[in-house]
Amino acid sequence: MADSRRIVDALVRSRRGGIAASAALGGLALIGGLAYRALRGAPPPETGGPDFTKVDEDEARLMLRTMVAATTADGMVDAAERKRLDAAVAEAGLDPDGRAWLDRELASPADIDEIAERVADPDAAARIFAAARLAIDPDTLQERQFLKMLAEALDLPVEAVERVERDIAA
């Protein structure tokens, strides 16, 4: 399968408007920056700060699984979500095995508990939540409930969730 990091990056950059449109450094950097600010209440330092593009394959795969779960939270993948997903898959150069994996994931997405048990620390939790939130525009009750339950399962402070929401809405 193609590198999960490339797919996550392409999915985030496929969002139009808002903070994602300015993701010149890439989707992974945007996710990392959102998570850093969410937990610390301040942006990362201009120099000498963490390199948010360095995400290992396991965490990127978990981000991708979480993004798919968020996308399917309302029981369907609408036309806009499908278009973004298809564009990201094409941009990432997903091979046939990768497409089959993604189709299986769409048919049977990860549940919140399965996601949360694989998250080892608060920074990773904030990154996973930011990725899920960037994957969707929570315009249904089910999507909003998914995000709420994910934040709770990840033990994210309410203030961190609110910062992610505020930054994405900006």
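The side chains of Glu114 and Arg65 meet in a salt bridge, with 2.9 Å from N to O. The term salt bridge here stands for a side-chain nitrogen of Lys or Arg within 4 Å of a carboxyl oxygen of Asp or Glu. This pair links distant parts of the chain, 49 residues apart: Glu114 is in helix 6 (residues 112–117) and Arg65 in helix 3. Helices are DSSP runs of H or I with at least four residues, numbered from the N terminus. Glu114 is partly exposed, with a relative accessible area of 29%, while Arg65 counts as buried at 14% relative accessibility. On this scale, buried means under 20% relative accessible area, exposed means over 50%, and partly exposed is in between (1.4 Å probe, protein chains only).

A word on the model itself. It is predicted, so local features need pLDDT of at least 70 and side-chain atom pairs count only at pLDDT 80 or more, while totals for chains, interfaces and linings use all residues. Residues are numbered from 1 along each chain as its sequence is written, and side-chain values use heavy atoms, leaving out hydrogens and water.

How many salt bridges does a search of the whole structure find? The search finds 10. Side chains of opposite charge can pair when their charged atoms come close.

| Pair | Distance, N to O |
|---|---|
| Glu114 and Arg65 | 2.9 Å |
| Arg37 and Asp167 | 2.8 Å |
| Arg127 and Glu59 | 2.5 Å |

The salt bridge between Arg37 and Asp167 joins helix 2 (residues 27–40), where Arg37 lies, to helix 9 (residues 158–169), where Asp167 lies, so the pair ties together parts that are 130 residues apart in sequence. Arg37 is partly exposed, with a relative accessible area of 30%, whereas Asp167 is buried, at 14%.

The side chains of Arg127 and Glu59 also meet in a salt bridge. Here Arg127 in helix 7 (residues 122–135) is linked with Glu59 in helix 3 (residues 57–71), 68 residues away. Both Arg127 and Glu59 are buried. There is a network of salt bridges too, linking Arg5, Glu57 and Arg61.

Let us follow helix 2 along its length. Its 14 residues reach 20 Å from the first C-alpha to the last, close to the 20 Å expected at 1.5 Å a residue. That expected span is 1.5 Å times one less than the number of residues. Helix 2 is mostly covered, with 11 of its 14 residues buried; among them are Gly27, Leu30, Ile31, Leu34 and Tyr36. The buried residues of helix 2 pack against helix 1 (4–13), helix 3, helix 7 and helix 9. Just after helix 2, Gly41 takes a positive phi of about 75°.

Helix 1 is mostly covered as well, since 7 of its 10 residues are buried. These buried residues are Ser4, Ile7, Val8, Asp9, Ala10, Leu11 and Val12. They pack against helix 2, helix 3, helix 4 (79–92) and helix 7.

**Charges over rings**

The charged end of Arg40 sits over the ring of Tyr36, 4.3 Å from its centre. Arg61 lies over the face of Trp101, at 5.2 Å from the ring centre. A charge sits over a ring if NZ of Lys or CZ of Arg is within 6 Å of the ring centre and within 35 degrees of the ring normal.

**Two residues of helix 3**

Ala60 is found in helix 3 and counts as buried, at 0% relative accessibility. Ala60 and Asp3 are 57 residues apart in sequence and 8.6 Å apart in space, C-alpha to C-alpha. Leaving aside neighbours within four places in sequence, Ala60 is in contact with Ser4, Arg5, Val8 and Val55, where contact means heavy atoms within 4.5 Å.

Thr71 is found in helix 3 too, and it is buried, with a relative accessible area of 10%. A polar atom of the Thr71 side chain lies 2.8 Å from the backbone oxygen of Met67. Leaving aside neighbours within four places, Thr71 is in contact with residues including Met76, Val77 and Glu143.

**A loop residue**

Which residue has a positive phi of about 60° although it is not a glycine? The residue is Asp155, in the loop between helix 8 (141–153) and helix 9. Most residues other than glycine have a negative phi. Asp155 is exposed, with a relative accessible area of 67%.

Definitions and conventions:
Polar contact = N/O pair within 3.5 Å; in protein donor to acceptor, adjacent residues only side chain to side chain.
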